[in-house]
Amino acid sequence: MRLAGKVAIVTGGGSGIGRGITLAMAREGADVAIPDIQVLNAEKVADEVKALGRRAVAMKTDVTSAADVKGMVDRTRDALGRIDILVNNAGAASAPGMPFTNNTEEDWDRTFAVNTKSVFLTSRAIAPYFIERRAGRIVNIASIAGPISALTMPPYSVAKMGVITFTRVVAKELAPYGVTVNAICPGVLYTAFWEKLAAHIAATNPAFAGMTPRQVFEKRVSDLVPMKREQTPEDIGWTAVFLASDEARNITGQALNVDGGVVMQ
Ligand SMILES: NC(=O)c1ccc[n+]([C@@H]2O[C@H](COP(=O)([O-])OP(=O)(O)OC[C@H]3O[C@@H](n4cnc5c(N)ncnc54)[C@H](O)[C@@H]3O)[C@@H](O)[C@H]2O)c1
(Lines give C-alpha, C1' and ligand atoms only; values in the text may rest on other atoms or scores of the structure.)
Protein backbone atom coordinates (compact mmCIF):
# COMPACT_ATOMS: atom_id res chain seq x y z
CA MET A 1 0.00 0.00 0.00
CA ARG A 2 2.54 2.55 -1.17
CA LEU A 3 -0.07 5.29 -1.72
CA ALA A 4 -2.25 4.74 1.35
CA GLY A 5 -4.05 7.94 2.35
CA LYS A 6 -3.08 9.76 -0.85
CA VAL A 7 -5.40 11.39 -3.38
CA ALA A 8 -4.54 11.28 -7.09
CA ILE A 9 -5.96 13.00 -10.15
CA VAL A 10 -5.57 10.96 -13.35
CA THR A 11 -6.68 12.95 -16.41
CA GLY A 12 -8.14 10.83 -19.20
CA GLY A 13 -8.45 8.01 -16.68
CA GLY A 14 -11.54 6.61 -18.38
CA SER A 15 -9.73 4.33 -20.80
CA GLY A 16 -6.46 2.72 -21.88
CA ILE A 17 -3.33 3.85 -20.07
CA GLY A 18 -5.23 6.24 -17.80
CA ARG A 19 -7.45 3.41 -16.58
CA GLY A 20 -4.32 1.30 -15.93
CA ILE A 21 -2.76 4.10 -13.89
CA THR A 22 -6.00 4.75 -11.98
CA LEU A 23 -6.43 1.10 -10.98
CA ALA A 24 -2.74 0.65 -10.06
CA MET A 25 -2.92 3.71 -7.80
CA ALA A 26 -6.19 2.54 -6.22
CA ARG A 27 -4.70 -0.91 -5.57
CA GLU A 28 -1.86 0.86 -3.74
CA GLY A 29 -4.36 2.67 -1.52
CA ALA A 30 -5.03 5.99 -3.30
CA ASP A 31 -8.41 7.64 -3.78
CA VAL A 32 -8.71 8.89 -7.36
CA ALA A 33 -10.38 11.72 -9.27
CA ILE A 34 -10.98 10.85 -12.92
CA PRO A 35 -11.54 13.88 -15.16
CA ASP A 36 -12.24 12.78 -18.72
CA ILE A 37 -13.99 14.31 -21.70
CA GLN A 38 -15.78 10.94 -22.10
CA VAL A 39 -17.46 11.00 -18.70
CA LEU A 40 -19.34 7.71 -19.10
CA ASN A 41 -16.02 5.86 -19.35
CA ALA A 42 -14.70 7.75 -16.31
CA GLU A 43 -17.79 6.72 -14.34
CA LYS A 44 -17.19 3.05 -15.17
CA VAL A 45 -13.58 3.26 -13.98
CA ALA A 46 -14.73 5.11 -10.83
CA ASP A 47 -16.98 2.11 -10.10
CA GLU A 48 -13.95 -0.19 -10.48
CA VAL A 49 -12.01 1.96 -8.01
CA LYS A 50 -14.87 1.85 -5.52
CA ALA A 51 -14.99 -1.95 -5.89
CA LEU A 52 -11.37 -1.93 -4.68
CA GLY A 53 -12.52 -0.14 -1.52
CA ARG A 54 -11.21 3.30 -2.44
CA ARG A 55 -13.06 6.57 -3.03
CA ALA A 56 -13.41 7.87 -6.59
CA VAL A 57 -14.99 10.80 -8.36
CA ALA A 58 -15.59 10.93 -12.12
CA MET A 59 -16.11 14.28 -13.80
CA LYS A 60 -16.57 15.59 -17.29
CA THR A 61 -13.56 17.80 -18.01
CA ASP A 62 -11.94 19.10 -21.16
CA VAL A 63 -8.26 19.47 -20.24
CA THR A 64 -7.77 22.06 -23.01
CA SER A 65 -10.09 24.47 -21.15
CA ALA A 66 -8.60 26.55 -18.31
CA ALA A 67 -12.04 26.97 -16.73
CA ASP A 68 -12.73 23.22 -16.82
CA VAL A 69 -9.31 22.48 -15.33
CA LYS A 70 -9.74 24.95 -12.46
CA GLY A 71 -13.20 23.54 -11.72
CA MET A 72 -11.78 20.01 -11.77
CA VAL A 73 -9.05 20.83 -9.21
CA ASP A 74 -11.55 22.61 -6.91
CA ARG A 75 -14.04 19.76 -7.17
CA THR A 76 -11.38 17.15 -6.38
CA ARG A 77 -10.38 19.01 -3.20
CA ASP A 78 -14.03 19.35 -2.19
CA ALA A 79 -14.88 15.71 -2.89
CA LEU A 80 -11.71 13.96 -1.72
CA GLY A 81 -10.28 16.50 0.75
CA ARG A 82 -6.75 16.94 -0.61
CA ILE A 83 -4.55 16.30 -3.67
CA ASP A 84 -1.16 14.59 -3.50
CA ILE A 85 -0.59 13.37 -7.07
CA LEU A 86 -1.42 14.79 -10.51
CA VAL A 87 -1.08 12.46 -13.49
CA ASN A 88 -1.38 14.25 -16.83
CA ASN A 89 -2.40 11.34 -19.03
CA ALA A 90 -5.13 12.73 -21.31
CA GLY A 91 -3.86 13.03 -24.86
CA ALA A 92 -4.65 12.22 -28.44
CA ALA A 93 -2.90 11.38 -31.68
CA SER A 94 -2.63 13.86 -34.51
CA ALA A 95 -3.97 12.84 -37.89
CA PRO A 96 -1.50 10.29 -39.29
CA GLY A 97 0.22 11.88 -42.23
CA MET A 98 3.55 12.03 -43.99
CA PRO A 99 5.16 14.04 -45.37
CA PHE A 100 4.79 16.83 -42.82
CA THR A 101 3.82 19.20 -45.63
CA ASN A 102 0.46 17.37 -45.65
CA ASN A 103 -0.26 18.35 -42.03
CA THR A 104 -2.87 21.03 -41.43
CA GLU A 105 -2.58 24.08 -39.20
CA GLU A 106 -5.76 22.99 -37.38
CA ASP A 107 -4.22 19.61 -36.58
CA TRP A 108 -1.07 21.23 -35.13
CA ASP A 109 -3.20 23.53 -32.94
CA ARG A 110 -5.51 20.72 -31.76
CA THR A 111 -2.63 18.34 -31.06
CA PHE A 112 -0.74 20.91 -29.02
CA ALA A 113 -3.86 21.89 -27.10
CA VAL A 114 -4.71 18.37 -25.96
CA ASN A 115 -1.19 17.01 -25.39
CA THR A 116 0.91 20.00 -24.32
CA LYS A 117 -1.18 23.04 -23.36
CA SER A 118 -3.29 20.75 -21.17
CA VAL A 119 -0.22 19.87 -19.08
CA PHE A 120 0.52 23.58 -18.61
CA LEU A 121 -3.09 24.29 -17.57
CA THR A 122 -3.30 21.50 -14.97
CA SER A 123 0.20 22.17 -13.59
CA ARG A 124 -0.57 25.90 -13.30
CA ALA A 125 -3.82 25.15 -11.50
CA ILE A 126 -2.21 22.84 -8.93
CA ALA A 127 1.27 24.37 -8.40
CA PRO A 128 0.24 27.02 -5.80
CA TYR A 129 -1.42 24.29 -3.71
CA PHE A 130 1.60 21.96 -3.91
CA ILE A 131 3.95 24.89 -3.12
CA GLU A 132 1.89 25.83 -0.07
CA ARG A 133 1.94 22.22 1.17
CA ARG A 134 5.62 21.80 0.23
CA ALA A 135 4.73 18.42 -1.21
CA GLY A 136 3.24 16.94 -4.35
CA ARG A 137 3.94 14.71 -7.32
CA ILE A 138 3.33 15.43 -10.97
CA VAL A 139 3.64 12.61 -13.52
CA ASN A 140 3.25 13.54 -17.19
CA ILE A 141 2.52 10.90 -19.82
CA ALA A 142 4.67 11.83 -22.82
CA SER A 143 5.69 9.28 -25.48
CA ILE A 144 8.74 7.75 -27.12
CA ALA A 145 7.37 9.47 -30.26
CA GLY A 146 9.18 12.59 -28.96
CA PRO A 147 12.67 11.13 -28.32
CA ILE A 148 12.63 9.00 -31.51
CA SER A 149 11.22 11.88 -33.61
CA ALA A 150 8.54 9.53 -34.98
CA LEU A 151 7.68 10.40 -38.57
CA THR A 152 4.12 9.06 -38.63
CA MET A 153 2.49 11.98 -36.76
CA PRO A 154 4.80 15.02 -36.73
CA PRO A 155 2.60 17.33 -34.59
CA TYR A 156 2.19 14.55 -32.01
CA SER A 157 5.94 13.81 -31.83
CA VAL A 158 6.75 17.48 -31.34
CA ALA A 159 3.94 18.00 -28.81
CA LYS A 160 5.17 15.07 -26.70
CA MET A 161 8.79 16.32 -26.82
CA GLY A 162 7.33 19.59 -25.55
CA VAL A 163 5.81 17.70 -22.62
CA ILE A 164 9.26 16.34 -21.72
CA THR A 165 10.83 19.81 -21.86
CA PHE A 166 7.98 21.32 -19.83
CA THR A 167 8.41 18.50 -17.28
CA ARG A 168 12.04 19.54 -16.76
CA VAL A 169 11.23 23.26 -16.56
CA VAL A 170 8.56 22.71 -13.90
CA ALA A 171 10.74 20.16 -12.07
CA LYS A 172 13.48 22.79 -11.67
CA GLU A 173 11.01 25.44 -10.55
CA LEU A 174 9.22 23.27 -7.98
CA ALA A 175 12.24 21.34 -6.66
CA PRO A 176 12.88 23.78 -3.77
CA TYR A 177 9.34 23.08 -2.54
CA GLY A 178 9.77 19.32 -2.35
CA VAL A 179 7.56 18.72 -5.38
CA THR A 180 8.76 16.19 -7.98
CA VAL A 181 7.82 16.34 -11.65
CA ASN A 182 8.61 13.46 -14.00
CA ALA A 183 7.49 12.12 -17.35
CA ILE A 184 6.83 8.57 -18.49
CA CYS A 185 7.37 7.77 -22.17
CA PRO A 186 5.24 4.72 -23.02
CA GLY A 187 6.28 2.61 -26.00
CA VAL A 188 3.52 0.87 -27.98
CA LEU A 189 0.25 -0.17 -26.35
CA TYR A 190 -2.83 -1.57 -28.05
CA THR A 191 -5.34 0.96 -26.71
CA ALA A 192 -8.05 2.84 -28.64
CA PHE A 193 -5.23 5.23 -29.59
CA TRP A 194 -3.16 2.58 -31.46
CA GLU A 195 -6.17 0.69 -32.81
CA LYS A 196 -7.23 3.83 -34.73
CA LEU A 197 -3.68 4.48 -35.93
CA ALA A 198 -3.27 0.85 -37.10
CA ALA A 199 -6.56 0.96 -39.01
CA HIS A 200 -5.36 4.10 -40.81
CA ILE A 201 -1.98 2.53 -41.66
CA ALA A 202 -3.70 -0.60 -43.07
CA ALA A 203 -5.98 1.57 -45.22
CA THR A 204 -3.32 3.91 -46.58
CA ASN A 205 0.05 2.11 -46.68
CA PRO A 206 0.32 -0.56 -49.41
CA ALA A 207 2.90 -2.46 -47.32
CA PHE A 208 0.13 -3.19 -44.78
CA ALA A 209 -2.76 -3.75 -47.23
CA GLY A 210 -5.24 -6.45 -46.11
CA MET A 211 -3.88 -6.59 -42.55
CA THR A 212 -6.14 -6.18 -39.51
CA PRO A 213 -5.33 -3.32 -37.11
CA ARG A 214 -4.06 -5.90 -34.61
CA GLN A 215 -1.71 -7.42 -37.24
CA VAL A 216 -0.38 -3.94 -38.14
CA PHE A 217 0.25 -3.30 -34.46
CA GLU A 218 2.04 -6.64 -33.96
CA LYS A 219 4.31 -5.93 -36.92
CA ARG A 220 5.14 -2.54 -35.42
CA VAL A 221 6.02 -4.19 -32.10
CA SER A 222 8.19 -6.78 -33.82
CA ASP A 223 9.99 -4.18 -36.01
CA LEU A 224 10.51 -1.59 -33.27
CA VAL A 225 10.73 -3.19 -29.82
CA PRO A 226 13.97 -5.02 -28.90
CA MET A 227 12.11 -7.10 -26.29
CA LYS A 228 9.57 -8.10 -28.99
CA ARG A 229 6.54 -7.55 -26.81
CA GLU A 230 3.92 -4.84 -26.46
CA GLN A 231 3.61 -2.67 -23.36
CA THR A 232 0.45 -2.65 -21.24
CA PRO A 233 -1.51 -0.07 -19.23
CA GLU A 234 -0.40 -2.00 -16.11
CA ASP A 235 3.27 -1.42 -17.03
CA ILE A 236 2.64 2.32 -17.13
CA GLY A 237 0.43 2.15 -14.02
CA TRP A 238 3.13 0.59 -11.85
CA THR A 239 5.73 3.06 -13.12
CA ALA A 240 3.42 5.94 -12.19
CA VAL A 241 2.87 4.40 -8.73
CA PHE A 242 6.64 4.24 -8.24
CA LEU A 243 7.16 7.87 -9.28
CA ALA A 244 4.36 8.93 -6.91
CA SER A 245 5.69 6.86 -4.00
CA ASP A 246 8.05 7.85 -1.18
CA GLU A 247 10.72 5.60 -2.70
CA ALA A 248 11.00 8.04 -5.64
CA ARG A 249 11.34 11.19 -3.52
CA ASN A 250 14.75 12.06 -5.00
CA ILE A 251 13.81 11.49 -8.63
CA THR A 252 12.73 14.62 -10.52
CA GLY A 253 12.96 16.05 -14.03
CA GLN A 254 13.29 12.59 -15.60
CA ALA A 255 11.63 11.08 -18.66
CA LEU A 256 11.41 7.35 -18.03
CA ASN A 257 10.99 5.17 -21.13
CA VAL A 258 8.72 2.15 -20.57
CA ASP A 259 9.12 0.72 -24.03
CA GLY A 260 10.83 -2.68 -24.05
CA GLY A 261 14.15 -1.06 -24.97
CA VAL A 262 13.24 1.15 -27.95
CA VAL A 263 15.01 4.19 -26.51
CA MET A 264 18.22 3.56 -24.60
CA GLN A 265 19.89 6.62 -23.13
N1 LIG B 1 -1.16 3.83 -26.79
C2 LIG B 1 0.13 4.09 -27.00
O3 LIG B 1 0.84 3.31 -27.67
C4 LIG B 1 0.75 5.33 -26.40
C5 LIG B 1 2.14 5.44 -26.50
C6 LIG B 1 2.76 6.56 -25.95
C7 LIG B 1 2.01 7.53 -25.29
N8 LIG B 1 0.65 7.39 -25.21
C9 LIG B 1 -0.08 8.45 -24.49
O10 LIG B 1 -0.77 7.88 -23.41
C11 LIG B 1 -1.91 8.68 -23.08
C12 LIG B 1 -3.15 7.81 -23.02
O13 LIG B 1 -3.37 7.25 -24.29
P14 LIG B 1 -4.13 5.86 -24.54
O15 LIG B 1 -3.28 5.04 -25.41
O16 LIG B 1 -4.61 5.32 -23.26
O17 LIG B 1 -5.34 6.39 -25.45
P18 LIG B 1 -6.92 6.43 -25.20
O19 LIG B 1 -7.47 7.12 -26.39
O20 LIG B 1 -7.42 5.07 -24.83
O21 LIG B 1 -7.08 7.36 -23.90
C22 LIG B 1 -7.02 8.77 -23.93
C23 LIG B 1 -7.96 9.30 -22.87
O24 LIG B 1 -7.85 10.72 -22.81
C25 LIG B 1 -9.17 11.28 -22.85
N26 LIG B 1 -9.13 12.60 -23.46
C27 LIG B 1 -8.83 12.90 -24.75
N28 LIG B 1 -8.94 14.23 -24.94
C29 LIG B 1 -9.33 14.79 -23.76
C30 LIG B 1 -9.62 16.11 -23.32
N31 LIG B 1 -9.54 17.15 -24.18
N32 LIG B 1 -9.97 16.31 -22.03
C33 LIG B 1 -10.07 15.26 -21.18
N34 LIG B 1 -9.82 13.99 -21.52
C35 LIG B 1 -9.44 13.76 -22.81
C36 LIG B 1 -9.97 10.29 -23.67
O37 LIG B 1 -11.36 10.44 -23.48
C38 LIG B 1 -9.43 8.95 -23.17
O39 LIG B 1 -10.09 8.51 -22.01
C40 LIG B 1 -1.97 9.78 -24.14
O41 LIG B 1 -1.37 10.96 -23.64
C42 LIG B 1 -1.13 9.20 -25.28
O43 LIG B 1 -0.58 10.19 -26.09
C44 LIG B 1 0.01 6.32 -25.75
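**The domain contact and the ligand shell**

Tutor: Across the boundary between the domains, 8 residues of domain 1 are in contact with 13 residues of domain 2; contact means that two C-beta atoms, placed from the backbone, lie within 7 Å. The model is predicted: local features need pLDDT of at least 70, side-chain atom pairs count only at pLDDT 80 or more, and totals for chains, interfaces and linings use all residues. Residue numbers start from 1 along each chain, following its sequence as written.

On the domain 1 side, the residues that touch domain 2 divide into 4 nonpolar, 4 polar and no charged. Here Ala, Val, Leu, Ile, Met, Phe, Trp, Tyr, Cys and Pro count as nonpolar, Asp, Glu, Lys and Arg as charged, and the others, Gly among them, as polar. Domain 1 comprises 7–188 + 232–258 and domain 2 comprises 190–230, with bounds from an automatic or database domain assignment. Their C-alpha centres are 25 Å apart.

The ligand comes next. The shell around the ligand takes residues from both domain 1 and domain 2, so it lies between them. This shell has 29 residues, and the closest are G12, G16, G91, T191 and F193; a residue is near a molecule or strand if its C-beta atom, placed from the backbone, lies within 6 Å of it. Two or more residues come from each of α1 (16–27) and α6. Helices (H or I, at least four residues) and strands (E, at least two) are DSSP runs, numbered from the N terminus. By class, the shell holds 13 nonpolar, 14 polar and 2 charged residues.

G16, one of the closest residues to the ligand, is in helix α1. With 22 other C-beta atoms within 10 Å, G16 is buried; buried means 20 or more such atoms, exposed 12 or fewer, and partly exposed the range in between, with C-beta atoms placed from the backbone. Beyond residues up to four places away in sequence, G16 touches T191, A192, F193 and P233. Between the C-alpha atoms of G16 and L189, 173 residues apart in sequence, the distance is 8.6 Å.

Helix α6 (residues 192–204) also packs against helix α7 (residues 213–224): their axes come within 8 Å and cross at roughly 95°. The axes are lines fitted to C-alpha atoms, for helices over the stretch in contact, and angles run from 0 to 180 degrees between N-to-C directions. The two helices α6 and α7 are therefore roughly perpendicular; that label covers 65 to 115 degrees, while angles under 35 count as roughly parallel, over 145 as roughly antiparallel, and the rest as oblique. From α6, the residues W194, E195, A198, A199, I201 and A202 meet P213, V216 and F217 of α7. This contact is made up of 8 nonpolar, no polar and 1 charged residues.

T111 is found in helix α4 and has 25 other C-beta atoms within 10 Å, so T111 is buried. Leaving aside neighbours within four places in sequence, T111 is in contact with S94, P155, Y156 and A159. V181 sits in strand β6 (residues 179–186), and its 28 C-beta neighbours inside 10 Å make V181 buried. Not counting residues up to four places away in sequence, V181 touches I138, T167, V170, A171, L174, T252 and G253. Its C-alpha atom is separated by 33 Å from that of M98, 83 residues apart along the chain.

R134, in the loop between α4 (105–133) and β5 (136–141), has a phi near 55°, positive although the residue is not glycine. R134 is exposed, having 11 other C-beta atoms within 10 Å. S149 lies in the loop between β5 and α5 (154–174), and its phi is near 50°, again a positive value in a residue other than glycine. S149 has 10 C-beta neighbours inside 10 Å and counts as exposed.
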